[in-house]
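Here is a short report on one protein model. Look at the sequence and the 3D view first, then read on.

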Amino acid sequence: SDIERHEVEMQMANDNFDYDAVEGLEQFNDTTSIKDYVHHLNEQLIRQTTKKRIRKHKRKLRIQDWILISIGIILVLCIMGYYIVKQLES
């Protein structure tokens, strides 16, 4: 109805996001181009999130490698320190 349409228009006037969304949809002439555009956006979103997930996973592996290396170095230093102290005692 006209009253509902007017209420929606008033809400859109207060919210820039809604206004921009409707303005962008008005630029499409037919529904097939909207479907193609949505499909393209979904593919792009999947590619971006996959890249971020892979980067995050690689970063976790690097951190684990550094932890293992640092633990190894600390253990070697402790063992060397133990033998040096034993040699000084005798």
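Asp15 sits in the loop between helix H1 (2-14) and helix H2 (16-26). Helices here are DSSP runs of H or I with at least four residues, strands are runs of E with at least two, and both are numbered from the N terminus. The model is predicted: local features need pLDDT of at least 70, side-chain atom pairs count only at pLDDT 80 or more, and totals for chains, interfaces and linings use all residues. Residues are numbered from 1 along each chain as its sequence is written, and side-chain values use heavy atoms, leaving out hydrogens and water.

**Overall form.** The protein has 3 helices and 0 strands. From the N terminus the order is α-α-α. The radius of gyration is 31 Å, well over the 12 Å that the globule rule gives for 90 residues, so the protein is more spread out than a compact globule. That radius is taken over C-alpha atoms, and the rule is 2.2 Å times the number of residues to the power 0.38. Along its principal axes, the C-alpha trace spans about 100 × 30 × 15 Å.

Buried residues make up 1% of the 90 residues. Buried means under 20% relative accessible area, exposed means over 50%, and partly exposed lies in between (1.4 Å probe, protein chains only). The protein exposes about 8900 Å², and carbon and sulfur atoms supply 61% of this area. Accessible areas come from the Shrake-Rupley method with a 1.4 Å probe; for residues, only the protein chains shown count as cover.

| Residue | Relative accessible area | Class |
|---|---|---|
| Asp15 | 33% | partly exposed |
| Gly72 | 30% | partly exposed |
| Trp66 | 61% | exposed |

**Patches.** Which residues form a negative surface patch? They are Asp15, Asp18, Asp20, Glu23 and Glu26. Patch residues have over 30% relative accessible area and no salt bridge; like charges are joined within 9 Å, and nonpolar side chains (Val, Leu, Ile, Met, Phe, Trp, Tyr) within 5 Å. A salt bridge is a side-chain nitrogen of Lys or Arg within 4 Å of a carboxyl oxygen of Asp or Glu.

Trp66 is in helix H3. Trp66 also belongs to a nonpolar surface patch with Ile69, Ile73, Val76, Leu77, Met80, Ile84 and Leu88, with about 880 Å² of accessible area together.

**Along helix H3.** Gly72 lies in this helix, which covers residues 31-89. The C-alpha atoms of Gly72 and Ile54 are separated by 27 Å, and the two residues are 18 residues apart along the chain.

How values were computed:
Lys, Arg positive; Asp, Glu negative; His and termini not counted. Charge placed at Lys NZ, Arg CZ, Asp CG, Glu CD.
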